Amino acid sequence: MQEIGEVQSPVLEGKDEKWGEVISEILIYPPFQEGLLGLENFSYVIILFYMHKSSFQMKEHLIRRPQDREDMPLTGIFAQRAKHRPTPIGSTAVRILDAIHETPVLDIKPYFPAFDHVSDIQVPDWVDYLMKQYF
């Protein structure tokens with residue numbers, strides 16, 4: 001995969017909460033900067049990034065408790081947004097990017113509400129409980 005830039009962030013190691021307090025920037029490499037034309041007209045973007053410090057261990061990460069918290073249920077990796085994944089690709093649709101320093105950026109896509117917004121959603125109860133401390 002071709003990375004198009006990298007994250008500039010004060011966060012140097014992965015973490016599981018308090019991302020709302022982090023201000024990061026994305027440095028787009030010069031050959032790709034012209035491709036940003038028109039992006040300033042969008043309030044949100046979707047960032048795809050390679051979690052370069054992730055290390056997936058099948059035994060440890062395939063089924064685990066979110067954030068390794070005892071008050072969370074045992075859950076498979078594909079039902080979580082955990083940092084240690086079989087294929088460490090992260091995505092986020094935000095103004096604030098939750099990625100650590102020097103994370104390779106793979107792509108930027110404009111957030112289109114018609115495609116990306118889902119209003120009738122269902123999540124398990126533990127997700128709302130877990131997210132109370134995330135931001």
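Is Asp68 buried or exposed, judged by its relative accessibility?

Tutor: Asp68 counts as exposed, at 57% relative accessibility, and since this is a predicted model, that value, like the others below, is computed from predicted coordinates.

The backbone at Asp68 deserves attention, for its phi is positive, at about 55 degrees, although the residue is not a glycine. Gln67, which has its place in the loop between β4 and β5, likewise has a positive phi, near 55 degrees, in a residue other than glycine. In terms of cover, Gln67 counts as buried, at 17% relative accessibility, whereas Asp68 counts as exposed.

Arg69 also belongs to the loop between β4 and β5, and its relative accessible area of 17% makes it buried, because the cut-off for that class is under 20%. Leaving out residues up to four places away in sequence, Arg69 touches Tyr129 and Leu130.

The charged side chains come next. Side chains of opposite charge can pair when their charged atoms come close. Arg69 and Asp71 meet through their side chains in a salt bridge, with 2.9 Å from N to O; in this pair Arg69 counts as buried, while Asp71, at 41% relative accessibility, counts as partly exposed. A salt bridge also joins the side chains of Glu70 and Arg65, at 3.8 Å from N to O, and here Glu70 counts as exposed, at 67% relative accessibility, whereas Arg65 counts as partly exposed, at 26%.

These two pairs belong to a structure that holds four salt bridges. Another of them is formed by the side chains of Lys53 and Glu13, with 3.4 Å from N to O. Lys53 lies in the loop between β3 and α1 (58-61), and Glu13 in the loop between β1 (5-8) and β2 (25-28), so this pair ties together parts that are 40 residues apart in sequence. Of its two members, Lys53 is partly exposed, with a relative accessible area of 42%, and Glu13 is exposed, with a relative accessible area of 53%.

Returning to the loop, we can follow it towards β5. Leu74 is found in the loop between β4 (63-64) and β5 (75-76), and it is exposed, with a relative accessible area of 56%. Together with Met58, Leu62, Ile63 and Phe78, Leu74 forms a nonpolar patch on the surface, and the accessible area of these residues taken together is about 570 Å².

Thr75, placed in strand β5, presents another picture, since it counts as buried at 9% relative accessibility. Once its neighbours within four places in sequence are set aside, Thr75 is in contact with Leu62, Ile63, Arg64, Pro66, Gln80 and Trp126. Two of these partners, Leu62 and Ile63, are also members of the nonpolar surface patch that includes Leu74.

It remains to set this part within the whole. The protein chain comes to three helices and seven strands, which follow the pattern β-β-β-α-β-β-β-β-α-α when read along the sequence. The largest nonpolar core has nine residues, namely Ile4, Val7, Ile28, Val45, Ile47, Phe49, Met51, Val105 and Ile108. The elements that give two or more residues to this core are β3 (45-50) and β7 (104-110), and β3 gives the most, with three residues.

For the chain overall, 31% of the 135 residues count as buried, and the accessible surface comes to about 9,300 Å², of which 55% belongs to carbon and sulfur atoms. Among contacts with a separation of 6 or more, 74% are accounted for by residues 24 or more positions apart. The C-alpha trace spans about 45 × 35 × 25 Å along its principal axes, and the radius of gyration of 16 Å agrees with the value near 14 Å that a compact globule of 135 residues would have.

Notes. Residues numbered from 1 in each chain as written. Predicted model: local features only at pLDDT ≥ 70, side-chain atom pairs only at ≥ 80, totals over all residues. Heavy atoms only, no water. Patch = residues over 30% accessible without salt bridge, like charges linked within 9 Å, V, L, I, M, F, W, Y side chains within 5 Å. Areas by Shrake-Rupley, 256 points an atom, 1.4 Å probe, with all protein chains shown as cover. Helix = DSSP H or I, 4+ residues; strand = E, 2+ residues; numbered from the N terminus. Buried < 20%, exposed > 50% of the residue type's maximum accessible area, 1.4 Å probe, protein only. Rg over C-alpha atoms; globule rule 2.2 N^0.38 Å. Contact = heavy atoms within 4.5 Å. Core = buried A, V, L, I, M, F, W, Y, C linked by side-chain atoms within 4.5 Å.
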